[in-house]
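Please consult the sequence and the coordinates alongside the text.

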Amino acid sequence: MRTITIGRDDSCDIIINNERVSRFHANIIPEGNGYIYRDKSSNGTVINGTMIRNSDKFIQYGDQVLLAGNIPLPWNRIQSAAPTQYNGGGVNNYDRNNYPSSEGAYNGEEYDGVEYKDGIGLIIFGYIIAVLGGWLAFIFGSILINGKQTTPDGRTVHKYKPSSRTNGWVIVGLATFFTIIYLIIYFNK
């Protein structure tokens, strides 16, 4: 089996039409019972939770490989090495059942195949309003907890990183606590 090229360029064996994928994103070279994945891109690749850029990594069928951090490697096309086109989303020439879920691709706080926002402004303002007993803190906390975004491959994921969502819960709790305290003080005058 020959080297398989992946990227946006029409000359690649597997064409992935996504602006985050480089024209010549990677080469996949058969090696023993797996492949050498040679990343040649500027946006890198997440392999089983580890980001690589311009380096090689041994992979096997079923490893979690996300081009540019969020485009699943179409394993079914790698095995057949047939030239095909994949647009980085949907099921166009790509069987999602042949690839493990890309949820939880990287267990770090800022990367899960998605760039999370930190929401620091909402967090600071939320804490201030919560301590003052303001109902707006409930809104800020809820935005941090429930904010969603859609990734280029069509997944709906949280907008804010896990630590920001935890701060959202703390803000809602503080807002509840201080609102109750202020109401007790107000009605016991």
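How are α3 and α4 oriented to each other, roughly parallel or roughly antiparallel? This is a predicted model, in which local features need pLDDT of at least 70, side-chain atom pairs count only at pLDDT 80 or more, and totals for chains, interfaces and linings use all residues. Residues are numbered from 1 along each chain as its sequence is written, and side-chain values use heavy atoms, with hydrogens and water left out.

Helix α3 spans residues 136-146 and helix α4 residues 162-187; helices are DSSP runs (H or I, at least four residues) numbered from the N terminus. Their axes, lines fitted to C-alpha atoms over the stretch in contact, come within 7 Å and cross at roughly 160°, where angles run from 0 to 180 degrees between N-to-C directions. The two helices are therefore roughly antiparallel (over 145 degrees; under 35 counts as roughly parallel). The residues of their contact (heavy atoms within 4.5 Å) include Phe 138 and Leu 144 in α3 and Trp 169 and Ile 171 in α4.

With 61% relative accessibility, Trp 135 counts as exposed (over 50% relative accessible area, 1.4 Å probe, protein chains only). Although 40 residues separate Trp 135 from Ala 175 in sequence, their C-alpha atoms lie 6.9 Å apart.

The axes of α2 and α4 come within 8 Å and cross at roughly 15°, which makes α2 roughly parallel to α4. Among the residues of this contact are Leu 122 and Tyr 127 of α2, together with Ala 175 and Phe 178 of α4.

Methods:
Parallel < 35°, antiparallel > 145°, perpendicular 65-115°, else oblique. Buried < 20%, exposed > 50% of the residue type's maximum accessible area, 1.4 Å probe, protein only.
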